[in-house]
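Here is a short note to read beside the structure. Please keep the model open while going through the points.

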Amino acid sequence: MDKNENHKKRKDYKWVLFFYTVPSKPVSNRMNVWRKLMRAGAVLAKGSVYILPFTSEHYEFFQWLVAEVQNMDGDAALISVALIDTMQDKEIIELFNEARRNDYLPLTGNLEE
C-alpha cells in the first residue's frame with residue numbers, strides 16, 4: 001500500500017490545509033491559483049492558509065495544486081489535521097458558511113420577490 005492509499009484510509013483527519021507562495025511576476029499565476037482555490041470552495045483560514053474539509057478529493061486537489069505552484073517556480077505544501085489549536089471546528093465551519101452566504105445572498109433576495 002503506498003503512502004497516499006494509507007493516507008486516504010485514515011478517518012481522524014477533519015481538515016486539509018494548503019500554503020503557497022508564487023513569484024510576484026507574472027501576476028496571472030497568483031490569480032490562477034486563487035481562482036482554482038475559490039472554485040474548489042477553499043476558504044482563507046489565517047494569513048495565507050487555505051482550508052477545506054478533509055476528503056480524498058480535496059486532498060488530491062491540493063496535491064495537484066502543490067505541483068501546479070511548483071511548476072510556476074513557487075513553493076507550496078499541504079497538511080491534514082484533526083485539530084487546529086487556535087481555532088475551534090465551529091469557527092472553521094462558520095468561515096465556510098460566511099463565504100457561501102455572500103454567494104447566495106442575491107439569490108435569497110430574488111426568492112423573496
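**Notes on the predicted model**

1. E98 and R101 form a salt bridge, with 2.3 Å between the closest N and O atoms. This is a predicted model. Both residues are in helix α4, 3 residues apart, which is about one turn of the helix. E98 is partly exposed because its relative accessible area is 36%, between the limits of 20% and 50%.

2. R101 has another partner: a salt bridge also joins R101 to E94, where the closest N and O atoms are 3.3 Å apart. Through shared partners, E94, E98 and R101 belong to one network of salt bridges. R101 counts as partly exposed because its relative accessibility is 40%, and E94 is partly exposed as well, at 35%.

3. Which parts of the chain does the pair K14 and D89 link? K14 lies in the loop between α1 (3-9) and β1, while D89 lies in helix α4, so described as distant parts of the chain, 75 residues apart. The side chains of K14 and D89 meet in a salt bridge, at 2.9 Å from N to O. K14 is partly exposed, with a relative accessible area of 42%, and D89 is partly exposed at 23%. The count for the model comes to 4 salt bridges.

4. The largest nonpolar core has 30 residues. Those with the most contacts inside this core are F18, Y20, V33, L37, I51 and F62. Elements that give two or more residues to the core are β1 (15-21), α2 (27-40), β2 (43-46), β3 (49-53), α3 (56-71), β4 (75-81) and α4 (89-112). The most comes from α3, with 6 residues. In general, nonpolar side chains of soluble globular proteins tend to be buried together.

5. What is V33 in contact with, leaving aside its neighbours within four places in sequence? The contacts of V33 are F18, Y20, L65, V69 and M72. F18 and Y20 are also among the core residues with the most contacts.

6. V27 has its place in helix α2. Is V27 buried or exposed? V27 is exposed because its relative accessible area is 52%, and exposed means over 50%.

Technical notes: Residues numbered from 1 in each chain as written. Predicted model: local features only at pLDDT ≥ 70, side-chain atom pairs only at ≥ 80, totals over all residues. Heavy atoms only, no water. Core = buried A, V, L, I, M, F, W, Y, C linked by side-chain atoms within 4.5 Å. Buried < 20%, exposed > 50% of the residue type's maximum accessible area, 1.4 Å probe, protein only. Helix = DSSP H or I, 4+ residues; strand = E, 2+ residues; numbered from the N terminus. Contact = heavy atoms within 4.5 Å.
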